[in-house]
Amino acid sequence: MNTQLSASIPAGPESVPDDVLALETKLRDYLLPEQIASVRRAYALGASAHAGQTRASGEPYITHPVAVASILADLRMDAETLCAAILHDALEDTPLERRVLEDAFGDTVADLVEGVTKLDRLKFRDRQEAAAESFRKMLLAMSRDLRVILIKLADRLHNMRTLDAMAPASQKRTARETLDIYAPIAQRLGMNRIKSELQDLGFRILYPNRHTAIQRRIRSQPVVRREAMTVIEKRLAERLAEEGLPYRLVGRVKTPYSIYNKMRSEHKSFAQVMDVFGFRVVVQTVGQCYQALGIVHGLYKPLDARFRDFIAIPKANGYQSLHTVLFGPYGSPLEVQIRTEDMDVIAERGIAAHWVYKHGGSVNSAQSRAHDWLRSLLESQQYAASSLEFLEHVKVDLFPDEVYLFTPKGAILALPRNATALDFAYAVHTDVGNHAVAARVDKKLVPLRTKLSSGQRVEIITAKSAAPSTQWLDYVVSSKARTAIRHHLKHLEHEDAVDLGHRILERALEARDSSLDSVPPAVLEKYLAEHRYKRLEELLSDIALGNRMPAQVAQALARGDAHSLGRAASEDNIHITGAERGIITYAACCKPIPGDPIMGHLSAGKGVVVHRLECKNVPEFRKSPERWVGIDWDRNVEGDYRVELRIEVVNKPGVLAQVAAAVAEAKSNIDSVEYQERDISASVMHFVVEVKSVQHLADVISRIRRLAVVQDAQRV
């Protein structure tokens with residue numbers, strides 16, 4: 001196909017299909033004639049580029065991008081977005097070149113098309129990695145122009161509407177991705193209309209029988225309930241009119257997916273999900289919203305704890321409305337939403353609301369919040385090790401429910417459900433999170449793991465000496481907190497790995513009467529280049545992690561050292577303090593503790609694994625002397641170390657409590673307890689306790705042995 005396709009040849013009216021004419025009819029409501037002409041030119045170029053291509057359904061391919069543009073026209077998007085929508089697959093699926101788009105429509109349209117274009121799958125190991133990297137690329141493009149995601153959501157919506165033509169496996173894969181990623185993104189961007197349709201279409205593909213059953217139940221609702229809705233609607237309308245309130249009253253029926261979700265989350269049957277129907281009252285001003293709330297509460301009593309004011313505290317996606325649930329006149333709860341016309345537009349269209357007015361004007365609240373969310377995502381992706389890890393962070397961040405919290409200065413932060421004070425600290429700033437030590441929630445001092453509830457006022461207490469630990473990952477839920485903690489820990493682990501690797505390599509070089517300082521720079525640089533290390537630090541880290549043997553490295557480097565003569569192995573062991581992070585592990589087979597004679601074994605990927613010299617596995621390790629590392633405990637050792645005890649006791653009530661009390665008196669923690677043997681008169685228990693040294697262990701065992709109910713206590 002010729003890549004020099006013309007973008008300026010207008011199609012005659014006789015050549016314009018019905019779907020394009022229908023699109024132009026929508027555009028005449030809000031675009032200027034010259035803008036519509038631009039969209040027509042985009043269609044001419046797209047039709048020419050996709051000529052001869054068909055969809056899985058057999059239709060001409062161009063019908064798909066036109067349908068995508070039509071969805072965006074319903075959102076009243078601008079001409080640039082519509083042109084990009086019509087051409088969104090042209091760079092990926094046709095020989096059309098970017099410069100043709102630039103010449104015909106400008107850089108902005110070309111950037112939008114490129115932002116939606118997937119990456120070449122041949123560069124990646126599998127479909128999953130390619131999809132993750134394409135998603136990362138799309139989000140980066142979206143950060144520059146939010147219209148990228150609007151085109152992508154419209155593209156996904158039309159693909160979901162026409163998914164029946166695909167193979168069953170492709171249908172399910174696409175539907176799962178839609179429910180996991182694209183519907184939550186639509187919700188996060190406040191685009192409820194598109195979100196609801198994506199969810200329902202995905203639900204229908206993944207669970208066709210459940211979807212059909214729920215839809216049938218909705219349609220066959222008892223006549224009594226339908227009549228009740230009519231009566232309620234009439235009474236609401238009469239009362240609103242009596243108060244002289246200008247209003248628009250809309251009846252609502254929940255989608256099968258939202259009903260199924262509620263049935264699953266609340267463990268209810270369909271019959272128990274009573275609020276299938278509801279009403280929306282749309283008024284002109286915020287004051288009228290609260291006036292309307294008083295009217296509906298005057299008609300029917302509200303349910304306790306079911307009122308939500310999203311006007312005073314908007315959702316993270318910019319959504320604003322009053323929600324109340326009432327005792328209906330026929331025994332069923334009734335949900336009523338109250339909002340202004342402007343809030344209704346933003347609730348339905350989210351970041352797409354008022355886009356036509358955006359240029360030169362102010363950004364709406366949904367767009368502003370979307371930009372804030374994107375900024376936090378981009379910060380996360382900088383720390384993610386891979387696109388797949390980044391995609392998992394995004395999934396974590398797309399929570400359907402949020403808690404709304406106040407800073408000491410009264411600013412509102414939205415966090416995922418089950419967020420802790422530590423999540424809040426990272427939401428304020430990464431440095432605040434990294435140095436957090438505690439929090440005040442509503443002026444009460446609480447630990448960082450405390451879960452937060454909407455409306456609480458949170459203040460974070462920091463200390464310069466504080467730093468993230470691996471335990472923090474156990475109780476944070478937000479992607480920003482998780483990625484920041486992992487990044488900090490990886491940085492510390494790398495520093496420790498470089499330091500330990502340096503000591504191990506120096507010891508191996510000493511055995512050859514050499515050292516890193518005496519190795520000629522040219523020799524070192526040649527070795528690094530041959531093994532594809534950019535810096536010496538990478539080699540040292542690999543040595544510490546057991547991925548490269550120090551003796552082999554020392555042999556290669558020492559060959560280039562004129563002073564290397566070779567001598568017996570150094571008697572100086574490497575001393576460990578217990579503060580090494582991620583590069584030293586303590587063997588579960590023998591559980592070494594400070595004071596035990598020990599040896600180190602280099603295990604690929606794990607680094608140095610510490611064993612007691614009397615461990616049963618040591619003879620096997622001696623067969624691989626190149627992996628043997630001479631280590632010893634430093635004079636000052638940090639941390640708690642697990643050790644296993646075998647305790648024989650008299651079998652009588654209260655024995656376990658007495659032993660536990662003795663362990664606690666020795667200032668030791670119990671990690672686990674297990675009964676190994678038991679008969680009428682005696683029992684054998686295995687305790688795993690935490691101690692600081694062999695001296696501490698001796699004190700624990702001594703206190704246990706003093707108990708009258710204990711017959712023997714030994715370290716295993």
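In what order do the four strands of the open sheet stand, and is their pairing parallel or antiparallel? The order is β18-β19-β17-β20, and the pairing is antiparallel. Two strands are taken as paired if DSSP finds at least two bridges between them. Helices (H or I, at least four residues) and strands (E, at least two) are DSSP runs, numbered from the N terminus. The model is a predicted one, in which local features need pLDDT of at least 70 and side-chain atom pairs count only at pLDDT 80 or more, whereas totals for chains, interfaces and linings use all residues. Residues are numbered from 1 along each chain as its sequence is written, and side-chain values use heavy atoms, with hydrogens and water left out.

The secondary structure of the protein comprises 27 helices and 20 strands. Of its 716 residues, 48% count as buried; buried means under 20% relative accessible area, exposed over 50%, and partly exposed in between (1.4 Å probe, protein chains only). Contacts are defined by heavy atoms within 4.5 Å. Among contacts between residues at least 6 apart in sequence, 68% join residues at least 24 apart.

In the open sheet of four strands, the edges are formed by β18 (669–678) and β20 (710–715), each of which has a single partner strand, so one side of each is left without a neighbour in the sheet. On average, neighbouring strands of this sheet are turned by 20° against each other, direction ignored. Axes are lines fitted to C-alpha atoms, for helices over the stretch in contact, and angles run from 0 to 180 degrees between N-to-C directions. Strands β17 (residues 641–650) and β19 (residues 682–691) pair in the antiparallel sense over 10 bridges, with Val650 opposite Ala682 in β19. Helix α26 (residues 655–665) packs on the sheet and touches β17, β18, β19 and β20; its direction makes about 25° with that of β19. Helix α27 (residues 694–705) lies across β17, β19 and β20 and runs at about 165° to β20. In the loop between α26 and β18 stands Lys667, which has a positive phi of about 60° although it is not a glycine. Lys667 is exposed, with a relative accessible area of 73%.

A second residue with this backbone feature is Asp513, a residue other than glycine whose phi is near 55°, a positive value. Asp513 is placed in the loop between α21 (479–510) and α22 (521–530) and is partly exposed, its relative accessible area being 36%. Most residues other than glycine have a negative phi.

Strands β6 and β7 form a hairpin with five residues between them, and Gly410 in the turn has a positive phi of about 95°. The two strands run antiparallel, and five bridges join β6 to β7 (residues 412–416). Leu405 has Leu413 as its bridge partner in β7. Strand β6 (residues 402–406) is mostly covered, since four of its five residues are buried.

Glu335 lies in strand β5 (residues 333–340) and counts as buried at 15% relative accessibility. Its side chain makes a polar contact with the side chain of Arg252 (2.7 Å). A polar contact is a pair of N or O atoms within 3.5 Å; within protein, one must be able to donate a hydrogen and the other to accept it, and residues adjacent in sequence count only if both atoms are side-chain atoms. Not counting residues up to four places away in sequence, Glu335 touches Arg252, Phe277, Gly278, Phe279, His323, Thr324 and Val325.

Glu348 is found in helix α16 (residues 341–349) and is buried, with a relative accessible area of 18%. With residues up to four places away in sequence left out, Glu348 touches Gly190, Met191, Asn192, Arg193, Arg280 and Arg339. Glu348 and Leu75 are 273 residues apart in sequence, and their C-alpha atoms are 9.2 Å apart in space.

The structure holds two cavities of 30 Å³ or more. A cavity is a set of points on a 1 Å grid over the protein atoms alone where a 1.4 Å probe fits but cannot get out, and lining residues have an atom within 4 Å of a point. Grid points are joined across faces, edges and corners, and a volume is the space filled by probe spheres set on the points. The second largest cavity has a volume of about 40 Å³ and is lined by Val20, Leu23, Glu24, Val39, Arg40, Tyr43, Val66 and Ile86. The elements that give two or more residues to this lining are α1 (18–27) and α2 (33–49).

Conventions. 1 Å grid on protein atoms, 1.4 Å probe; cavity = no way out; pocket = protein on both sides within 12 Å on 5 of 7 lines; lining within 4 Å.
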